[in-house]
Amino acid sequence: MKPFRLTCLLTITLCSTSVFAGDIVTVYSADGLHDGNNSWYKNQFEAFTKQTGIKVQYIESGSGAIVERLAKERTNPQADVLISVSPFIQRAAKTQLLAQFTPDGTASIPNSTPYYTPLVNNYLTFIYNDKLLKTPPTSWADLLDPRFKNKLQYSTPGQAGDGTAVMLQAFHSFASKEAGFDYLGKLQTNNVGPSASTGKLTALVNKGEIYVANGDLQMNLSQMARNPNIKIFWPADDKGQRSALVLPYVVGLVNQGPETENGKKLINFLLSKQSQNRVSELSWGLPVRTDITPSDAQYHTAISTMKGITTWQPDWDQVEQSLTDDISRWHQVTESE
């Protein structure tokens, strides 16, 4: 593989330069599931290698950026497996970056399609510094308060999956795109500015450089031990309802990847009951399989955190179709072009 040596140096991998073609599988992934010393990715990649002899070469980036990288390599694919979030995974499928593949066990995995399958369940969240704010903002209207000027930041829609989710959540909470865009235009007065990474905002909130940011449930729960000042909240709409966009990690097989069969094996491994049963324990994610219920403390913490929150998701194909126009409109209303 042409960039093999460079890839091993620049990414978190389980590979070495002695690995030959046929003994490797390359994963392009959105960030989040490799956080920590013994993350679900690290643990399961090692278990996969032990079982099959196939080493995992891992490259991560933002959920939009990782799909863009795959698109740039269209004529010479370097990855075998893509893991991202909606609507970027739908864009990858629409632009023929993904091959048809039905993994084992999809009968127990809702919202599976011929081109991609949910891998780890997750939800949009917001975080605040509970040392500087004794109570979280209770509503979307609260976030417009002048006390949050230059103390609030959310990741950039179109670049970060969680940032795109904030835009979609605003559409939902305000019952229309027009009302959502109107709100985001007003919120920009308090917004620090663009951020291509959601994960980097957590440390800023923890240190008190900003008070409020967006995030996602899996990532924020996994970060709390290292960032003790952050807490999770969801702002209420004008009817008092708090809701969260369903935002799972989704996996697909790369079209004409260099090691397609190895890619299939890894996808099946990660979706197996044994692997899914450990995703909450190791990375605070929630399993996508309906035929298992983990018993670990992290699973129960995640479930209890979501108590009282209404979950929802849009038609992701429709979201993908209008995404370019919606991102352009977001730049206009926030004057961030």
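**View 1. Gln223, a buried glutamine in helix H8.** With a relative accessibility of 6%, Gln223 counts as buried (buried is under 20% relative accessible area, exposed over 50%, partly exposed in between, using a 1.4 Å probe and protein chains only). Gln223 belongs to H8, residues 217-223; helices here are DSSP runs of H or I with at least four residues, strands are E runs of at least two, and both are numbered from the N terminus. Its side chain makes a polar contact of 2.6 Å with the side chain of Thr202. A polar contact is a pair of N or O atoms within 3.5 Å; within protein, one must be able to donate a hydrogen and the other to accept it, and residues adjacent in sequence count only if both atoms are side-chain atoms. Setting aside residues up to four places away in sequence, Gln223 touches Gly199 and Thr202, where contact means heavy atoms within 4.5 Å.

A word on the model: it is predicted, so local features need pLDDT of at least 70 and side-chain atom pairs count only at pLDDT 80 or more, while totals for chains, interfaces and linings use all residues. Residues are numbered from 1 along each chain as its sequence is written, and side-chain values use heavy atoms, with hydrogens and water left out.

**View 2. Ser29 in strand S1.** Ser29 sits in S1, residues 24-30, and is buried, at 0% relative accessible area. What does Ser29 contact, leaving aside neighbours within four places in sequence? The list runs Tyr41, Tyr58, Ile59, Glu60, Ser61, Ile66 and Ile83. Gly285 is 256 residues away from Ser29 in sequence, yet their C-alpha atoms are 15 Å apart in space.

**View 3. Where domain 1 meets domain 2.** The domain assignment (bounds that are automatic or from a database) gives domain 1 as 24-122 + 248-304 and domain 2 as 124-246 + 309-335. Their centres, taken over C-alpha atoms, are 25 Å apart. On the domain 1 side 23 residues are in contact with 22 residues of domain 2. About 1,900 Å² is buried between the two domains, 54% of it from carbon and sulfur atoms; buried area is the accessible area (1.4 Å probe) that two parts lose on being put together, summed over both. Pro87, Arg91 and Asn122 supply 31% of the area that domain 1 buries against domain 2, more than any other three residues.

**View 4. Polar links between the domains.** Ten residue pairs are in polar contact across the interface, both partners at pLDDT 80 or more. The two domains also share two salt bridges, each a side-chain nitrogen of Lys or Arg within 4 Å of a carboxyl oxygen of Asp or Glu. Lys94 forms a salt bridge with Glu320, with 3.3 Å between the closest N and O atoms. Helices H3 (63-72) and H4 (88-94) are the elements giving two or more residues to the domain 1 side, and H4 has the largest share, at four residues.

View 5. Gln256 is in the loop between strand S11 (249-254) and helix H9 (260-270) and counts as exposed at 64% relative accessibility.
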